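Reader: Hi! Could you walk me through this one? I'm new to reading structures.
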Amino acid sequence: MTDMLIQLDMESKEPLYTQLRNQIVEGIASYQLKPGDALPSVRTLAQDIGINLHTVNKAYKQLEQEGFLIIQRQKGALIHPGGVPKADDRYLHELTNVLKPIIAEAKCRGIAYEQFTTICQEIYLSLHKKGDNTS
Amino acid sequence: MKLTLSLTLLLTMIPIFIAIVCMPFWTRKTVSFGVTIPRNAYDHPEIKKMRKSYVLISSIFALFVTVAFLVASFIGDELTAGILYPMLIILYIVGNAFIYLPFFQKMRELKEAQPEWHTKSNIITVDTSFRKNKLTYSNKWFILAFTISFITIVVTLIGYDYLPNDIPTRYDFNGDILETVPKTYRSALLLPILQIYMTLLFLFINTVIKNAKQQVEHTEPETSLQRNITFRKRWSLFTIINGTGLIVLLTLLQLALMIPINQQLVAMMLIIFITIVIIWALFLSFTTGQGGSRLKNTTSGNLSHKDGHVIHRDDDKHWKWGIFYVNRNDPSIFIEKRFGIGWTNNWGHPASWIIFLIIILVPIILILVIK
């Protein structure tokens, strides 16, 4: 049985649906959520977290659009059984655009190239570890 | 009143007293007197002292109620016992709320004075696979109770001529009839229809146990959820078995009107049954605790957890007196009680009020229709 813990910070500036979306993406990246796994229904998850149904629905809808989930009428939300669509040119372009201001800020604040890549490495590898013992 | 009867009744009261007196030890260790506290603060000397003094005050009150009951039962007869017994229990429970409230107030002040307990963040943790577990026993078990109730209806209709001309509506503790109504199809069917209502009520409770909000203790997420599953399953089993048992007994009560079954025997069985239910509930409360908090961990509890000294999910502002949950933004209707064993409802959810009204109104309407 999968055991994915979602953590949301109610006081954070980041909107709840974005936090929820990011947590689920992390869960998929770290193999805690595997292709074909069912997610709780919008209502159940909203009740367990104690937030508005629309917030959960918004996160699920976004994940569906991005190809992480499929939402079926009967089975509810599933992690895309065919796996997440592989990166294409458009995604690479988007990734560059998102990273650019982050790297620029880090550079302004005096973070060296090596230090930045080390941080990236650590984050990337930490996502590998979690799922390894279960898969 | 007969001594054996008053002693039997007292015997059923004692487990209720114990349950309420020991309540601070049975709630979750992250909630003290209706106020959320860090997991590590459970052993704070001030809170320990409060638990002790609550037990002391509540025990004295229980003793007072016991003496009152004994004195009254020597003076009065069975009729007074029938009224006195439920009234004293209600008095005890309501009176105890007034003992609890100052402790709640003091706990809040204590928390206010401890800034190191609070985090700047308010983090909520949920397990996405929690509801893939079997949380309760199936509602299909109630088919048995429904079948028995329907059989009672059929038997009542077939054996209508064998029913006495006066249908009893109230009994005393000896099984003697206190009040009757003239026989009509309506009055004859009162009891079996009540059985259907009660079966629906038990089915509803079992559904509440299944659907109530998930609660993760952030210091030990996996084990706290495992314990919570055990907690839900045990109370689900309790509800199904005792619910069905009660339906069977009520059928016997109806049958006793048509065929010569000793009424005293049925009344005796009812008292024994109630005693078993109360002791079972006490046993479950003691061994399982609220939310499963008294269960031994499958892995050792990690008290030195880095966040054991702070509160993670602080929703005190939604808990009026630590008793009533009112949160309009929460779509869940049912949630674990803070000071007590079991579940309560979210008064901020409109469905709460509708359910509450239905449960209250149905038996009132039923009785009005008969009379």
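**A chat about two chains**

Author: Happy to! Let's start with Tyr31(A), which is partly exposed, with 18 other C-beta atoms within 10 Å. Keep in mind that this is a predicted model.

Reader: Where does Tyr31(A) lie?

Author: Tyr31(A) sits in the loop between helix H1 (16-29) and helix H2 (42-49) of chain A. Its phi is near 60 degrees, a positive value in a residue other than glycine.

Reader: And Phe33(B), is that buried or exposed?

Author: Phe33(B) counts as buried, because it has 26 C-beta neighbours inside 10 Å and the cut-off for buried is 20 or more. Phe33(B) also has a positive phi, about 50 degrees, although it is not a glycine. You'll find Phe33(B) in the loop between strand S1 (31-32) and strand S2 (35-36) of chain B.

Reader: What does S3(B) pair with?

Author: S3(B) pairs with strand S1 (residues 5-9) of chain A, in the antiparallel sense, over five bridges. Within S3(B), Ile124(B) stands opposite Leu8(A).

Reader: Last one: which residues of chain B does the "transmembrane region" annotation cover?

Author: The UniProt record, an unreviewed entry, gives several spans for chain B, among them 6-26 and 189-209. In the model, residues 6-26 of chain B are 95% helix, and their end C-alpha atoms lie 29 Å apart. Residues 189-209 of chain B are 95% helix, with end C-alpha atoms 31 Å apart.

Key
Residues numbered from 1 in each chain as written. Chains lettered and ligands numbered in written order. Predicted model: local features only at pLDDT ≥ 70, side-chain atom pairs only at ≥ 80, totals over all residues. Pairing = 2+ DSSP bridges. Helix = DSSP H or I, 4+ residues; strand = E, 2+ residues; numbered from the N terminus. UniProt positions renumbered as here; feature names shortened; annotations may be inferred. Buried ≥ 20, exposed ≤ 12 C-beta atoms within 10 Å, placed from the backbone.
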